[in-house]
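This briefing goes through a protein model by topic. Please have the sequence and the structure open while reading.

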Amino acid sequence: MSDVVQENMEAMLPELMDLQEKGVFTVKELREIVKKRRNMEYELQAGNCTKAQFLKYIKHEVKVENTRRKRLAGIKDSVRKRSISDISIQRRIHSIYDRCLARFGSKDLPLWYHYLQYCMDSGSTKMLLKIVMRALRYFPSDHGLWLIACDREVRLGHLHNARSLMQRALRVVPPGTNGRAELLSAFIKLEAVALNRSLKGNEEVSCAVLEVLFKHGVSDLAGTPSLPRFLLHFLDVVLRLQESVSAAGREVAGLGDLMVSAISACVEQSKEYPQLAEVEWRLKWQGPEGASEKRLTRAVSSIVDAESVERLKAFVTFCLKSRAFILDDATTGESSNADNAEDKEDDVWAALPAVTVDPELAATVLWSFAKQASGDMLAALIEGAKTLSPSLLAPQEVVAHVEEECLKPSTQGVDLLVIGSKMGCKTDINAWLQDSSHHRSLGAEAAEAFLPHVMEAGQDHVFGLLLCSKPECCGQVCTAYLATAKSREAAEELARDCLAEAKSRRNAAVAKWTKEQLARVAVPCAECLLAGEDISVREQKRLFESIISLLSSVPSMLPELVEWWLKYATSKAGDSALYWRALQDLPPSAHATFAAQYQKIVDEE
């Protein structure tokens with residue numbers, strides 16, 4: 001082993017002499033470099049070396065190379081001529097990567113990407129394609145490697161080779177995956193580039209490959225989340241290609257039929273993927289009339305009849321996008337138009353006709369349909385109308401209708417109850433809270449919206465609301481409840497009542513409360529009481545002991561437990577003995593954190 005290391009060190013001699021002659025490194029620095037290299041070489045020659053040791057060696061060599069380049073930039077041009085030291089360090093780095101890959105490369109895909117990233121960062125692009133092809137021997141189904149290889153061939157101008165690589169990739173990457181979708185989209189873009197070059201060179205142009213890719217894409221990605229993005233990307237490419245063909249004064253057989261097929265597929269799939277409905281709206285509403293009230297009413301009517309909340313959300317998003325498009329055109333100067341044009345190149349909607357939508361008109365249409373809707377569709381219509389035009393007030397007929405729906409004995413969705421609460425309507429929220437199927441289902445925003453109505457029914461109903469809140473939101477809801485107090489004394493009284501209720505419900509098996517819910521309710525109450533100026537040391541100690549006891553039973557609240565032990569140990573009620581009690585109570589994984597933060601607090605004091 002020592003002979004191999006010595007041989008490697010002797011091979012570095014010409015490089016080291018060159019660096020010394022150029023004045024890049026001093027003799028002392030070179031000795032330090034040699035020492036580190038020798039130690040790392042011995043580590044790599046050992047039979048039990050790890051990948052981390054290889055990467056440590058590479059990191060050291062990259063640091064040496066970066067230092068060499070920076071110092072060489074400040075040396076006179078007469079000395080800065082190319083020599084062995086300009087390439088030797090990079091060669092060594094590549095050699096270390098080769099040795100590492102020979103040992104770990106067959107099962108370690110991130111290691112190959114690590115190597116590829118170094119090649120791109122260091123400018124070693126000539127080796128990039130060779131490394132990717134080596135990696136594909138071990139990981140042929142990884143689409144990222146195929147995309148890198150194809151991109152390299154395109155940059156070199158080898159479109160035929162890039163197409164061959166794409167065909168090979170589609171044979172090995174499984175259908176229905178995100179990787180398959182990315183490969184198909186890249187292949188479509190590659191074909192578009194090839195067709196544009198053929199148009200400029202007055203060569204014969206054919207859409208046969210695009211037809212095949214379209215059929216394969218629709219069949220391979222059917223029923224997957226990647227299908228809508230693929231269809232939009234394909235339609236965007238075809239429309240741009242049609243513009244290029246028209247600008248060149250040429251005709252391409254089958255291109256028009258391909259465009260019609262893509263549009264038809266988008267319209268058909270819009271039932272399953274609502275975001276595709278925008279294609280239909282843009283194509284139907286183009287022209288001077290734009291999105292008239294009649295067209296908007298017809299679109300919303302079909303959505304309400306189908307009871308598709310997701311499609312309604314897509315409609316609202318489309319209207320907002322069209323409104324933003326108008327504002328951009330009206331306020332953007334000539335200087336920023338070029339930048340926006342560059343951004344639109346990546347927008348799948350850029351090639352489709354632009355449609356102008358009046359957001360207030362669209363909101364009015366939504367309010368008109370809200371007068372007869374119910375359930376989740378009613379909630380979606382109201383949310384959509386408020387999103388499109390926040391300044392437009394809700395009609396009184398809609399408010400009365402919402403209150404009537406919220407008071408129905410039949411089970412209503414939580415979204416409608418939240419909206420009714422925000423609009424000031426009376427709701428049957430108390431009956432909803434008593435349903436055990438709703439426990440731990442509300443988010444913080446929804447729970448806070450219900451809070452004013454629940455408080456009118458009494459504190460028992462407030463705890464019913466906390467029981468129906470998600471455990472991680474209970475603390476925020478309890479804080480909002482305490483904030484409703486009109487004075488400091490009232491807040492402390494509410495906090496004491498909440499703490500007493502939490503203690504009485506500590507038997508979670510009986511009261512259907514989780515320990516995390518009780519702990520998160522108790523924490524803001526204790527913080528409120530501890531913030532009081534007239535609280536006694538005995539009361540502080542009692543509160544700290546109670547909260548720490550609750551937190552100790554909830555493993556997911558370990559950070560909060562550490563925080564409360566720190567507060568307790570450094571408070572007026574604490575002493576040095578609490579430090580050791582905390583270490584006994586906390587798990588070993590938290591000891592270092594607690595000790596460091598405790599010492600920091602003591603030093604600051």
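Buried means under 20% relative accessible area, exposed means over 50%, and partly exposed lies in between (1.4 Å probe, protein chains only). By that scale, both Arg92 and Glu15 are buried.

This is a predicted model, in which local features need pLDDT of at least 70 and side-chain atom pairs count only at pLDDT 80 or more, while totals for chains, interfaces and linings use all residues. Residues are numbered from 1 along each chain as its sequence is written, and side-chain values use heavy atoms, with hydrogens and water left out.

**Domains**

- The protein is divided into domain 1 (1-75 + 82-105), domain 2 (286-327 + 349-411) and domain 3 (555-604); these bounds come from an automatic or database domain assignment.
- The centres of domain 2 and domain 3, taken over C-alpha atoms, are separated by 54 Å.

**Salt bridges**

- A salt bridge here is a side-chain nitrogen of Lys or Arg within 4 Å of a carboxyl oxygen of Asp or Glu.
- By this rule the count comes to 28 salt bridges.
- One of them joins the side chains of Arg92 and Glu15, at 2.6 Å from N to O.
- That pair links distant parts of the chain, with Arg92 in helix H5 (residues 85-104) and Glu15 in helix H2 (residues 13-22), 77 residues apart.
- Helices are DSSP runs (H or I, at least four residues), numbered from the N terminus.
- The side chains of Arg68 and Glu65 also meet in a salt bridge, at 2.9 Å from N to O.
- Arg68 and Glu65 both lie in helix H4 (residues 51-73), 3 residues apart, which is about one turn of the helix.
- Both Arg68 and Glu65 are buried.
- A network of salt bridges links Asp18, Lys22, Glu65, Arg68, Arg69 and Asp86.

- Rings of Phe, Tyr and Trp (its six-membered ring) pair if their centres lie within 6.5 Å; planes under 30 degrees apart count as stacked, over 60 as edge-to-face, and the rest as tilted.
- The structure holds 17 aromatic pairs.
- The rings of Phe544 and Trp564 have centres 5.7 Å apart and planes at 65°, so this pair is edge-to-face.
- Because Phe544 lies in helix H29 (residues 537-552) and Trp564 in helix H30 (residues 558-569), the pair ties together parts that are 20 residues apart in sequence.
- Phe544 is buried at 4% relative accessibility, and Trp564 is buried with a relative accessible area of 2%.
- Lys567 lies over the face of Trp564, at 4.6 Å from the ring centre; a charge sits over a ring if NZ of Lys or CZ of Arg is within 6 Å of the ring centre and within 35 degrees of the ring normal.
- Lys567 also meets Glu563 in a salt bridge between side chains, at 3.5 Å from N to O.
- Glu563 and Lys567 are separated by about one helical turn, because they are 4 residues apart in helix H30.
- Glu563 is partly exposed, with a relative accessible area of 39%, and Lys567 is partly exposed at 29% relative accessibility.

**A second aromatic group**

- Trp281, Trp285, Phe315 and Phe318 are linked into a cluster by ring pairs.

**Helix H7 and its cover**

- In helix H7 (residues 128-138), the buried residues are Leu128, Leu129, Ile131, Val132, Ala135 and Leu136.
- Seen down the axis of H7, the buried residues fall within an arc of 160°, so they line one face of the helix; the arc is that of the directions from the helix axis to the C-beta atoms.
- Lys130 and Arg137 are exposed residues on the face of H7 turned away from its buried side.
- Helix H6 (109-122) and helix H8 (143-155) are included in what covers the buried residues of H7.

**Leu184 in helix H10**

- Leu184 sits in helix H10 (residues 178-200) and is buried, with a relative accessible area of 1%.
- Leaving aside neighbours within four places in sequence, Leu184 is in contact (heavy atoms within 4.5 Å) with Leu170, Leu213, Gly217, Leu221 and Phe230.
- Leu184 and Met166 are 18 residues apart in sequence and 8.4 Å apart in space, C-alpha to C-alpha.

**Backbone at Glu307**

- Most residues other than glycine have a negative phi.
- Glu307 has a positive phi of about 55° although it is not a glycine.
- Glu307 is in the loop between helix H15 (293-306) and helix H16 (309-331), and is exposed, with a relative accessible area of 64%.

Key: Helix = DSSP H or I, 4+ residues; strand = E, 2+ residues; numbered from the N terminus.
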